[in-house]
Amino acid sequence: MKYLWKSIPRYIRYVIVQILFLYLFMVVFRLVFFLFFFKTTITGSAPILKAWSLGLRFDLRLALFLSIPLLITAFIARNHFFTKAGIRRPLFIYLFLVYLLLTFAYVFDLGHYAYLGLRMDPTVTRFLAYGERADNARMLWQSYPVVRTVFGIGLFLFLITVQFTRSYYRLGEEPPVFLNWKRYTGWVAALVVMFAAGIYANIAYFPLRWSQAMFTKDNGVTSLSLNPVLYYVSNMSMQKDTYDVSKTKEFYPLMSQYLGVEQPDIEKLNFVRSIPGKDGNRMNVVLVMLESTGAAVTSMYNNPMMPTPNMKRLADSGILFKNFYVPAISTARTVYGVTTGLPDITATKTASRHPQMVDQRVLMDQFKGYEKFYMLGGNTNWANIRAVFTNNVDGIRIFEEGYYKAPKADVWGVSDFDLITEADEIFRDATKRKQPFIAFLQLADNHPPYTTTKGRGDFKRVTEKDIDQEKFKKAGFVSMEQFNAIRYEDYNIGHLMELAKQGGYLENTIFIMFGDHNCTLNPYHFMPTPEYELIIGGVHATCFIYCPALAKPKVVDYAVSLVDIYPTMAKLAGVPAKNYTLGRDMLDTTITNRYAFAIYLKNLQPYMSVIGERYQYEINTSSQKSYLYDMQGDPLKDVRQQYPDTANALDNLTRAYYESTRYLMFNNKK
C-alpha cells in the first residue's frame, strides 16, 4: 500500500490530500450540526441515515468543486508544482481563503439555524442593511460567544495553514515520479472521471440536486441533508418583487366579495370599506406587540410550563383569539402588516425596506383627535420602520433610544420594564389632559440576547433545579434563557396593567396584545392540532383584547389575522374610518367565511397558505403543488382529492389574497 501511494506523482498526491482535508472539514461541521442543532419529529433511523448519505454526497461535491483549481494547476505544472514560487504563493493564498470563507459560512449557518431554525439563504443580507448593521452586530455580540468563536476560528485557520503548507513542503522533498505521456494521459483521464462522478453524485439520469433533500416534510431532516454553502448558492437568484394587474383583476370579484367591498369596481380595483363611528367617550387604544410570542409558549394555550399567568388572567377577563395568525415569521413584516393591513409577502428583504411599498393609507392615521405614539426601546432606523410610521401617520410622536431616562440594557435598547415605565408617564400625561391616544408599544426582550432585569426588584429567574424537567421537555422551550424571557415578558405585562390602574387610564383604554410570530422551539405536541409538523406553529401567535368597559369575557375560535387588528380597534373605539386594504373586524360575527393568509417555509420550500378553523390550504410557490388539510380529521393527511370543491375554492382564495396583496403594496398610496 505504501509503495502504491509512493508511486503516485507527488502533485497528484497533494491534490488528493487536500480534497480529503476539505471533505473532513465539512463532515466535522455536519457532525456538529447533527449533535448540537438537529431536531426532528420523525421517528426511525432510515430517514436520518438517508439524510446523512445525501449530505455526505453534497459535501464531496463541494470539496471537489473547490479542488478543481488545484487539480488543473497540478496537471499543468506537474513536477514544477513544488519548485515555482509563482505557483506556491497563489496556492497557499487560495487554500487559506477557501478555509476562511468556508469556516465563516459554516459558523454563520449554524448561528442562523439556531436563531431561526432554517439554513442560511441570501435573505440573510437583510441583516447587513444600511443603518441596521450596528444593531445586528451588537445583538450578535450580546447573544453569542463572539470572542471565543473568533479565537477558535483563528486557531483553526492557523492549524489548517500548517497542514497545507507542511504537507506541501514534505511532498516537495520527495523524489519526483516522472510519467510518460501515456501514463500521464491515464492519470488525467482517471481523475477527470473521478471528479465528474463525485460532482454528479447520483446513480440516476440527473445529477444530485438540492430538491432530493426534500424527501420528507421535516425541516430538520432536510437541513441535515443539505450542504449549507451549496444551498446558499442555489438560492442566489431571487425573484424580484412586482405585481400583475391582470391577475389582480382575475381574482378581484372573489376578493371584493370576500372582503365585503361596498362599491366593487374591477377597473379601478377598489377595496374600500367604511368603518362606522359612534358618539360618546373616546377610548384610548394601546397595541402591545409581544416579541416572539407564539400561541404555543403561553398559558392561554395550555403550555405545560404555564409561563404567562398575567397574560392568562387578562385573556380570561377579555377576548382571547384562539386561532390568530401572522402573515409571516418576521418582526419587521409584522410591524408593517399590522400597520398597513397588508401581509408583507416581499421575496427579498422586507416591505419596510422597499421605498415603493412604504407609502400607504393606514387606519392609525385616521384616528382623528387622538395623539399617536410609537414606542420602541431601540432605534427606529431598524428595518426602516421609522418610515412606516412617519410617512403614513400624520403627527405621530416616536419615542426611541435617546429619549428615555433609563440606560440601554442591550442591543435592543432600554429593557421592556423601563420602556413600559416611561411609556406610562406619557399615557398619564395624556390622561391628565383628557386627551385620547393610540399607542403602538413594541416589546423586545423575549428575543436573543434574552436580557432580563429585576424590574421592581421582584423578578426572579428560575434554574433547571427549580422546574419539572419532564414538563419543560414537553413545553418545547430550547433553553432556560428562552423560558425566563417569556416569563419576564409576562411579568412586564403585569407591570403595565398595574401602572395603568394607578395612572387612571385602565378603564378607558382598549388593550390588544399580540405576538409578532412564534419563537424557535423544540418539537411539541400539546396543541389541538399538530402545528409543529404543519409548520403553521411559526405563524400561530398569541392575541387577546383586554378592556373591561367594552369587552366581556369570550373565546373566539374562528381564524383571524394580524391585518385585522386596526379595523377591529377602530370599530371597537367607535372611530369612523375608511379601510383600504385587507383587514376585517375580528369581532364581526356576521362574517362566516374567515381565513388567515400566511407565507412560510416548509421543508425549506416557499408556501403560501390560507388557514381556517377547519381547513388549511397551501400552495408550494416553486412547484405549484397544493395540499388541503382537515383539522377536524387527520390534520397531516392531504384530503384534496376527497374535497375537490373545497380545494378549488380555497385555491382561488389563496391566489386572490396573494395577487390583491401584491397589487395593493404598490397601489395603496395616499
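**Reading the model**

Modeller: By way of orientation, UniProt lists residues 284-575 under "domain: Sulfatase N-terminal", in an unreviewed entry. The model itself is predicted. In it, the end C-alpha atoms of residues 284-575 are 11 Å apart, and the span is 30% helix and 17% strand.

Biologist: What makes L628 count as buried?

Modeller: Buried means under 20% relative accessible area. L628 has a relative accessibility of 0%, and therefore counts as buried. L628 belongs to strand β15, residues 626-630.

Biologist: Which residues is L628 in contact with, leaving aside its neighbours within four places in sequence?

Modeller: They are Y615, Q616, Y617, K637, D638, V639, R640, Y643, T646, A647 and L650.

Biologist: What is the order of the strands in the open sheet, and is the pairing parallel or antiparallel?

Modeller: Four strands form the sheet in the order β12-β13-β14-β15, and their pairing is antiparallel. 

Biologist: Why are β12 and β15 called edge strands?

Modeller: β12 (596-602) and β15 each pair on one side only, and they are the edge strands of the sheet. On average, neighbouring strands of this sheet are turned by 25° against each other, direction ignored.

Biologist: How do you know that β12 and β13 pair?

Modeller: Two strands pair if there are at least two bridges between them. Seven bridges join β12 to β13 (residues 605-611), and these strands run antiparallel. I599 stands opposite M608 in β13. On this sheet packs α20, which touches β12, β13, β14 (615-620) and β15; the direction of α20 makes about 60° with that of β14.

Biologist: Which residues touch the most other members of the largest nonpolar core?

Modeller: They are F324, F514 and I565, in a core of 98 residues. Helix α20 (residues 644-667) supplies the largest share of this core, 10 residues. Apart from it lies another core, of 55 residues, including M26, F33, W52 and F82.

Biologist: What does F324 touch, not counting residues up to four places away in sequence?

Modeller: F324 touches F514, G515, V539, H540, A541, T542, C543, V560, S561, L562, I565 and M586.

Biologist: Why is E422 called buried?

Modeller: The limit is under 20%. The relative accessibility of E422 is 5%, so E422 counts as buried. E422 lies in helix α15, residues 416-432.

Biologist: What makes the approach of the E422 side chain to the backbone nitrogen of K405 a polar contact?

Modeller: A polar contact requires N or O atoms within 3.5 Å. The side chain of E422 reaches the backbone nitrogen of K405 at 3.0 Å. Beyond its neighbours within four places in sequence, E422 is in contact with Y403, Y404, K405 and A406.

Biologist: Is Q366 buried or exposed, and why?

Modeller: Q366 has a relative accessible area of 15% and is therefore buried. Its place is in the loop between α13 (355-358) and β4 (371-376). A polar atom of the Q366 side chain lies 2.7 Å from the backbone nitrogen of K578. Leaving aside neighbours within four places in sequence, Q366 is in contact with V575, P576, A577, K578 and Y580.

How values were computed: Residues numbered from 1 in each chain as written. Predicted model: local features only at pLDDT ≥ 70, side-chain atom pairs only at ≥ 80, totals over all residues. Heavy atoms only, no water. Core = buried A, V, L, I, M, F, W, Y, C linked by side-chain atoms within 4.5 Å. Buried < 20%, exposed > 50% of the residue type's maximum accessible area, 1.4 Å probe, protein only. Helix = DSSP H or I, 4+ residues; strand = E, 2+ residues; numbered from the N terminus. Contact = heavy atoms within 4.5 Å. Axes fitted to C-alpha atoms, helices over the stretch in contact; angles between N-to-C directions. Polar contact = N/O pair within 3.5 Å; in protein donor to acceptor, adjacent residues only side chain to side chain. UniProt positions renumbered as here; feature names shortened; annotations may be inferred.
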